[in-house]
Amino acid sequence: MELQKTRLVKASFYLSLSVAVAITLNLATPLVAQAEYDDVLAAKVGADEYGMKSYVMAFLKKGPNRSGTDEERARLQRAHLDNIGRLAKEGKLVLAGPFLHDGELRGIYLFDVKTVEEARELTESDPAVKAGSLVMELVPWYGSAAITQLPELHEKFAKKPI
């Protein structure tokens with residue numbers, strides 16, 4: 001139990017550190033050059049007067065059913081990744097990725113939805129959640145509305161699909 005708590009604290013620390021770096025870079029931006037406000041884009045992405053909006057963040061954690069053959073686990077992972085792609089194409093999922101360790105906390109999703117209930121419905125469509133390989137903790141989150149542009153931008157960097 002103590003090891004899980006330590007891992008969760010470390011994960012929270014790294015997430016907080018990432019957010020602090022992003023905030024620092026964002027605050028430094030006006031010192032370099034203030035971008036011109038784009039009311040059309042701000043409205044398109046649902047930004048408030050601060051350029052922010054509400055999301056729902058999902059923390060993906062190890063579920064109770066992590067068994068199966070290598071082939072079964074590979075099929076489940078492929079279905080999980082395909083579901084991520086589908087949700088991103090629908091504009092519901094704007095950020096997803098694994099943590100790079102083998103702890104209880106496996107990854108995150110950032111849903112562009114208004115409620116935790118909407119996010120819960122979307123997480124229930126994940127084959128890894130259905131199989132019990134992953135469980136999700138859903139938390140409302142407030143962040144930059146620019147995040148909604150990441151999936152489109154990501155396509156410009158990816159040489160091949162996941």
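**View 1. Lys-61 and Glu-137 join up through a salt bridge, with N and O 2.5 Å apart.** A salt bridge here is a side-chain nitrogen of Lys or Arg within 4 Å of a carboxyl oxygen of Asp or Glu. This pair ties together distant parts of the chain: Lys-61 sits in strand E1 (residues 52-62) and Glu-137 in strand E4 (residues 134-144), 76 residues apart. Helices (H or I, at least four residues) and strands (E, at least two) are DSSP runs, numbered from the N terminus. Lys-61 is partly exposed at 24% relative accessible area, and Glu-137 is partly exposed too, at 35%. For these labels, buried means under 20% relative accessible area, exposed means over 50%, and partly exposed is in between (1.4 Å probe, protein chains only).

A quick word on the model: it is predicted, so local features need pLDDT of at least 70 and side-chain atom pairs count only at pLDDT 80 or more, while totals for chains, interfaces and linings use all residues. Residues are numbered from 1 along each chain as its sequence is written, and side-chain values use heavy atoms, with hydrogens and water left out.

View 2. Glu-90 is partly exposed at 43% relative accessible area, and Arg-86 is partly exposed at 34%. The structure holds eight salt bridges.

**View 3. Four strands make an open antiparallel sheet, in the order E2-E3-E1-E4.** Strand E2 (93-98) and E4 are the edge strands, each pairing on one side only. From one strand to the next, the twist averages 20°. Two strands count as paired if DSSP finds at least two bridges between them. As a reminder, strands of a sheet pair through backbone hydrogen bonds, either parallel or antiparallel. E1 and E4 run antiparallel and are joined by eleven bridges. Look for Met-52, whose bridge partner in E4 is Ser-144.

**View 4. Helices H3 and H4 against the sheet strands.** H3 packs on the sheet and touches E1, E2, strand E3 (105-111) and E4. The direction of H3 makes about 155° with that of E2. Helix H4 (residues 116-123) lies across E1, E3 and E4, and runs at about 140° to E4. Contact means heavy atoms within 4.5 Å. Axes are lines fitted to C-alpha atoms, for helices over the stretch in contact, and angles run from 0 to 180 degrees between N-to-C directions.

**View 5. Ile-147 sits in the loop between E4 and helix H6 (150-155).** Ile-147 counts as buried, at 15% relative accessibility. Leaving out residues up to four places away in sequence, Ile-147 touches Tyr-55, Val-94, Leu-110 and Trp-141. Val-45 is 102 residues from Ile-147 along the chain, and the C-alpha atoms of the two are separated by 9.0 Å.
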